[in-house]
Amino acid sequence: MLGKLIDRVFHIRLTGGITTQLSERLTRHLSKGIYNCHLIAVSINSTSGSITQSKNIVATLRAFSRQTSAPIYTFAEDAVFGPANIILASGNKVFANEFSLLGSFGFYSQTFGVKEFMKEWDLEGGFITAGKNKVRMNPFEDIKQADVEWMTNILKEQEADLKDETFKNRQARFEAKKLTREDIEREFFSQTFVLAQKAKEIGYVDDIKNFDAIHHERYHGIKVKDVLKPYTSKFGGASTSQSGFPMGGLFLSEVPIKTE
């Protein structure tokens, strides 16, 4: 009797940018406590974020899965762009809603030059540095070709890592569909994004269903424990954007010059 009372499906909602703060919140809140965890369900709605923190979140989820012997099911909601694909692809089973938008593996960097503005208003600006190449993409100067090449190389490396990690997590399903890495590059990675039906055809998602449907079909009668609810800062909004589909924002740590 007690066993049924403490049985739970753990539901985690990852909304907004995949940031250090989100990763740390998950680590703090993901605790078994007194409950028997039957499923770790992760609902994702993210258009941006950090590759590093996405990998950290996957490591946290897998460690908890080993601790509880519970599978991880991931669910795409409105959009899963950029690094959030690493988390989505890490599930033992991957699901999406009918109109979920998935993909956007390119990165971009947005710059704003103020050289002419400073000149017009007779202002001067600059940096005092010690060391070589301490200032890149200087807004007070015309952009240098060397800086463009430097930034482009960073973005290409991030794009390659994102694709590699996503492919590795779903490789078995892609191969079951008899699709090669080149096929996935053409049909998925090089697209701006795809809808859920296309993602299912190539094996990126297993089925088109949401969390509520899976809970009702496979875990009916087991209560849901909300581990991580969407976070809204005191300044408003859910989070910031830095990579994937160009929705705005810039973080130099995972700078989102476009590589597609």
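Author: The protein has 9 helices and 7 strands. Helices (H or I, at least four residues) and strands (E, at least two) are DSSP runs, numbered from the N terminus. This is a predicted model, where local features need pLDDT of at least 70 and side-chain atom pairs count only at pLDDT 80 or more, while totals for chains, interfaces and linings use all residues. Residues are numbered from 1 along each chain as its sequence is written, and side-chain values use heavy atoms, with hydrogens and water left out.

Reader: How many salt bridges does a search of the whole structure find, and what makes lysine 163 and glutamate 159 a salt bridge?

Author: The search finds 14 salt bridges. The term means a side-chain nitrogen of Lys or Arg within 4 Å of a carboxyl oxygen of Asp or Glu. Lysine 163 and glutamate 159 have N to O at 3.2 Å, which is within 4 Å, so the pair qualifies. Both residues sit in helix H6 (residues 145–176), 4 residues apart, about one turn of the helix.

Reader: Why is lysine 163 called buried?

Author: Buried means under 20% relative accessible area, exposed over 50%, and partly exposed in between (1.4 Å probe, protein chains only). Lysine 163 has 8%, so it counts as buried. Glutamate 159 has 10%, and therefore glutamate 159 is buried as well.

Reader: Are arginine 170 and aspartate 206 buried or exposed?

Author: Arginine 170 has a relative accessible area of 3%, under 20%, so arginine 170 is buried. Aspartate 206 comes in at 17%, also under 20%, so aspartate 206 is buried too.

Reader: What does arginine 170 touch?

Author: Contact means heavy atoms within 4.5 Å. Not counting residues up to four places away in sequence, arginine 170 touches Ala89, Gly91, Val94, Gly203, Tyr204, Val205 and Asp206.

Reader: How do you know that lysine 209 and glutamate 217 meet in a salt bridge? And why are lysine 209 and glutamate 217 called partly exposed?

Author: Their N to O distance is 2.9 Å, within 4 Å, so they meet the rule. Lysine 209 has 26%, which falls between 20% and 50%, so it is partly exposed. Glutamate 217, at 47%, falls in that range too, so glutamate 217 is partly exposed. There is also a network: salt bridges that share partners join Asp183, Arg186, Glu187 and Lys198.

Reader: What makes strands E3 and E4 a pair?

Author: Two strands pair if DSSP finds at least two bridges between them. Strand E3 (residues 72–81) and strand E4 (residues 93–96) have 4 bridges, so they pair, and they run parallel. As one example, alanine 76 has alanine 96 in E4 as its bridge partner.

Reader: Which unit do E3, helix H4 and E4 make?

Author: Together with helix H4 (residues 84–89), the strands E3 and E4 make a right-handed β-α-β unit. A crossover is right-handed if, with the strands pointing away from the viewer, the path from the first strand over the helix to the second runs clockwise.

Reader: How many residues does the largest nonpolar core have?

Author: It has 44 residues, and those with the most contacts inside it are Ile12, Leu61, Leu102 and Tyr204. A nonpolar core is a set of buried Ala, Val, Leu, Ile, Met, Phe, Trp, Tyr and Cys residues joined through side-chain atoms within 4.5 Å. Apart from that core lies another, of 10 residues, including Val9, Tyr73, Tyr219 and Ile222.

Reader: Why is phenylalanine 211 called buried, and what does it touch?

Author: Phenylalanine 211 has a relative accessible area of 9%, under 20%, so it is buried. Phenylalanine 211 lies in helix H9. Leaving out residues up to four places away in sequence, phenylalanine 211 touches Val9, His11, Ala41, Ser43, Phe75 and Val224. Phenylalanine 211 and histidine 11 are 200 residues apart in sequence, yet 8.8 Å apart in space, C-alpha to C-alpha.
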